[in-house]
Amino acid sequence: MLSYDELTSPERELWDAFPQGRRVDLRTGVPEDDRVAEGVRWDSARTVRAAVIVALLLGANAVQPGTVAALRLAGARISGRLNLAGAQITYALWLEGCWFEESVDLLGASTQTLVIKGSRVPGIEADSACIEGNLDLRGSVVESLASSPFNHVSTALSLSDARVTGGMLLNGAHISAPGGWAVAAGGLLMEGGVFCGGGFVAQGQIRLMGAQLPRGLFMQGAHLEDPGPRGVALAMNNAVASRLDFSDGFTANGTVQLRRTQISDSLSFEGAVLNGPPGGDGPALTCRLMQAADFDLTLARLPSGTVDLRGAQVSYLYDSEQSWPDVVELEGFLYGSIKKVESGERREATGRRESAASRVAWIRRSPGYSPQPYEQLANWYRTIGHDDDARRVLLAKQRHRRRSLSLSARVWGHLLDVTVGYGYRSWLAGVWLLVLTLLGTVSFGTHSPHPVQRGEGAPFQPLVYTLDLLIPIGGLGQRTAWYWTDGSLQWLAYLLIAFGWVLTTAVIAGVTRTLQKN
């Protein structure tokens with residue numbers, strides 16, 4: 001138990017100020033002397049033992065009636081380990097511009113608002129903690145360096161299974177754990193918003209696996225660097241959030257994982273940079289089985305790695321020319337609407353339907369053949385009333401599928417394509433019929449055939465004779481009544497009969513394919 005006589009001058013000042021919640025500021029007012037990076041050089045006049053802070057927060061100094069006690073300290077060097085593991089703290093803790101010798105331990109603690117602003121901390125462990133207020137680390141540098149003589153934690157900021165009823169403010173914070181986990185907050189329940197914009201830098205992986213963020217995560221302009229050997233900059237698999245905002249210059253030098261993440265409102269990467277793992281080997285964005293309302297992927301430039309959207313479901317997808325790398329996994333991807341946004345223009349004002357050819361090229365970026373992306377795009381075109389575009393997409397699907405078939409099936413596929421466009425261009429059969437009718441009429445009209453039986457049958461008519469050859473069902477009485485002694489014309493007649501059967505078969509097959517359920 002600490003006694004008042006054992007306290008140093010700055011510790012007594014803090015002790016006396018605590019009951020009234022007054023702030024103790026040990027800064028000199030000289031910018032060069034007050035830089036937190038130089039805190040290791042601060043002398044005893046600016047040093048406060050962590051044990052004193054712990055004692056005050058646990059009620060060592062009586063609180064006067066009618067006042068709101070709080071610990072407010074600025075510009076101090078805090079010596080020793082600030083160990084509040086399992087503590088029940090009913091006072092606010094506000095530390096600004098402080099330099100910590102060792103990490104902060106809040107393991108399983110229950111606290112009020114916790115503010116560590118503009119400070120240098122080797123690490124913060126808050127697993128299973130309950131923070132009934134805001135967690136504010138704005139402008140702080142949270143490190144986890146193996147070379148530090150004081151630090152023995154593996155992560156810089158550890159909040160696994162913690163519960164924070166307020167918000168978490170990390171704007172401008174610098175969290176460093178190169179090659180490790182800069183933030184480990186799996187199972188975190190954050191009832192307020194998480195704000196990591198305004199110059200936030202994380203050197204190491206951010207893990208928010210299974211986190212619950214009903215007020216959203218905002219990382220506008222944040223930089224995620226040095227993801228370590230796993231190459232994952234941000235892992236939010238199985239998380240639940242109202243909104244995820246990675247816009248306005250957000251940069252991830254590693255994979256962003258959102259597998260099975262559920263987002264009730266919007267997911268935005270507008271103006272973001274997704275570099276993927278170092279070397280460009282691996283996915284830049286993984287959203288397998290993700291669910292979101294709005295999905296804005298209007299990036300600042302092309303991703304360096306692949307984009308995986310297999311099994312994802314979104315209501316509205318916004319993309320641009322910078323959205324899609326050479327490889328995009330689209331199998332099972334469902335969307336209610338998809339719109340192209342021109343670079344630098346407002347999404348709401350310029351979102352437009354892109355041409356079917358461009359969207360088909362987008363689907364072709366997906367490895368191998370899968371019918372589902374084509375069916376999904378065609379269904380969307382039908383929904384908005386563009387049946388012609390839907391047919392173009394389905395025709396492209398059949399052409400893509402043809403590559404995976406046997407030689408005989410590919411030959412038949414080419415024949416269906418040329419004649420009736422797999423049933424999606426039935427008018428081609430009419431074109432072929434017209435061309436062959438003209439060819440037969442002109443060729444047969446320049447010669448006179450011989451009757452099979454003299455004096456019987458209708459007079460020879462080249463047009464009707466040609467149609468009788470091309471139509472395989474029924475008869476017009478011309479084909480059986482006349483024959484040719486000229487070998488070339490007889491062979492032409494045989495070819496027209498063969499073409500007639502091929503066209504009829506192709507039309508039937510194409511129409512049947514169109515009417516079948518896909």
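Glu 101 counts as buried, with a relative accessibility of 12% (buried means under 20% relative accessible area, exposed over 50% and partly exposed in between, with a 1.4 Å probe and protein chains only). Its salt-bridge partner is Arg 77, and the closest N and O atoms of the two are 2.6 Å apart (a salt bridge is a side-chain nitrogen of Lys or Arg within 4 Å of a carboxyl oxygen of Asp or Glu). This is a predicted model, in which local features need pLDDT of at least 70 and side-chain atom pairs count only at pLDDT 80 or more, while totals for chains, interfaces and linings use all residues. Residues are numbered from 1 along each chain as its sequence is written, and side-chain values use heavy atoms, with hydrogens and water left out.

- Arg 77 counts as buried, at 14% relative accessibility.
- Strands (E, at least two residues) and helices (H or I, at least four) are DSSP runs, numbered from the N terminus.
- Arg 81 and Asp 105 also meet through their side chains in a salt bridge, at 3.4 Å from N to O.
- Arg 81 lies in the loop between S4 and strand S5 (82-83) and Asp 105 in strand S8, so this pair ties together parts that are 24 residues apart in sequence.
- Asp 105 is buried, with a relative accessible area of 10%, whereas Arg 81 counts as partly exposed at 30% relative accessibility.

- Asp 25 forms a salt bridge with Arg 27, with 3.0 Å between the closest N and O atoms.
- Asp 25 counts as partly exposed at 33% relative accessibility, and Arg 27 counts as partly exposed at 31%.
- The whole structure holds 22 salt bridges.

**Two helices packed together**

- Helix H5 (residues 356-363) packs with helix H6 (residues 371-383) at an angle of about 155 degrees, and their axes are 10 Å apart. Axes are lines fitted to C-alpha atoms, for helices over the stretch in contact, and angles run from 0 to 180 degrees between N-to-C directions.
- H5 and H6 are therefore roughly antiparallel to each other (angles over 145 degrees count as roughly antiparallel, under 35 as roughly parallel, 65 to 115 as roughly perpendicular and the rest as oblique).
- The contact (heavy atoms within 4.5 Å) is made by Ala 356, Arg 359, Val 360 and Ile 363 of H5 and by Pro 373, Tyr 374, Leu 377 and Tyr 381 of H6.
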